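Here are my notes on this model, as numbered points. They begin with the charged pairs and then turn to a helix and the nonpolar cores.

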Amino acid sequence: MDGPGEQARGRRLPLAPRPLDQPHPSRLPLTHPDRERILAAHAAALAAGEAGYPDPGTGLFVLTAGFLARRGTCCGRGCRHCPYLDDPVPPVG
């Protein structure tokens with residue numbers, strides 16, 4: 001059985017009812033030790049129109065919500081700043 005990400009992959013979904021500068025609620029906990037640095041890096045990348053930013057803790061490249069929204073579909077990979085629906089996507093058919 002596929003998980004919610006598999007069900008959403010490549011499908012056009014509505015954007016979640018939250019600003020693009022707010023991370024997906026289940027993917028950046030309020031208690032994350034780098035939360036403020038992550039939010040600042042994301043905000044700077046959004047303002048500059050960049051596709052992403054290096055994660056302050058790991059150095060890995062993280063896509064911004066703006067880039068993901070412009071792409072128009074959910075990739076289903078659990079992106080930190082996924083701008084699509086917050087709830088799991090129900091199975092198709």
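1. R37 is partly exposed, at a relative accessible area of 46%; buried here means under 20% relative accessible area, exposed over 50%, and partly exposed in between, with a 1.4 Å probe and protein chains only. Its side chain meets that of D34 in a salt bridge, with 3.2 Å from N to O. D34 counts as buried, at 18% relative accessibility. A salt bridge is taken as a side-chain nitrogen of Lys or Arg within 4 Å of a carboxyl oxygen of Asp or Glu.

2. The model is predicted: local features need pLDDT of at least 70 and side-chain atom pairs count only at pLDDT 80 or more, while totals for chains, interfaces and linings use all residues. Residues are numbered from 1 along each chain as its sequence is written, and side-chain values use heavy atoms, with hydrogens and water left out.

3. Searching the whole structure gives two salt bridges. One of them joins D55 and R80, whose closest N and O atoms are 2.8 Å apart. This pair links distant parts of the chain, 25 residues apart: D55 sits in the loop between strand 1 and strand 2 (61-63), and R80 in the segment after helix 3. D55 is buried, with a relative accessible area of 7%, and R80 also counts as buried, at 19%. Helices (H or I, at least four residues) and strands (E, at least two) are DSSP runs, numbered from the N terminus.

4. Helix 2 covers residues 35-48, 14 residues in total. From first C-alpha to last it reaches 20 Å, close to the 20 Å expected at 1.5 Å a residue; the expected span is 1.5 Å times one less than the number of residues. Just after helix 2, G49 has a positive phi of about 70 degrees.

5. Which residues of helix 2 are buried? They are R35, I38, L39, H42 and A45. They lie on the same side of helix 2 because they cover an arc of only 130 degrees around the axis, the arc being that of the directions from the helix axis to the C-beta atoms. The face turned away from this buried side carries the exposed residues E36, A47 and A48. The cover over the buried residues includes strand 1 (52-54) and helix 3 (65-71), where contact means heavy atoms within 4.5 Å.

6. The largest nonpolar core has seven residues, L13, L68, C74, C75, C79, C82 and Y84. Such a core is a set of buried Ala, Val, Leu, Ile, Met, Phe, Trp, Tyr and Cys residues joined through side-chain atoms within 4.5 Å. Another core, of six residues, lies apart from it and includes I38, L39, Y53 and V62.
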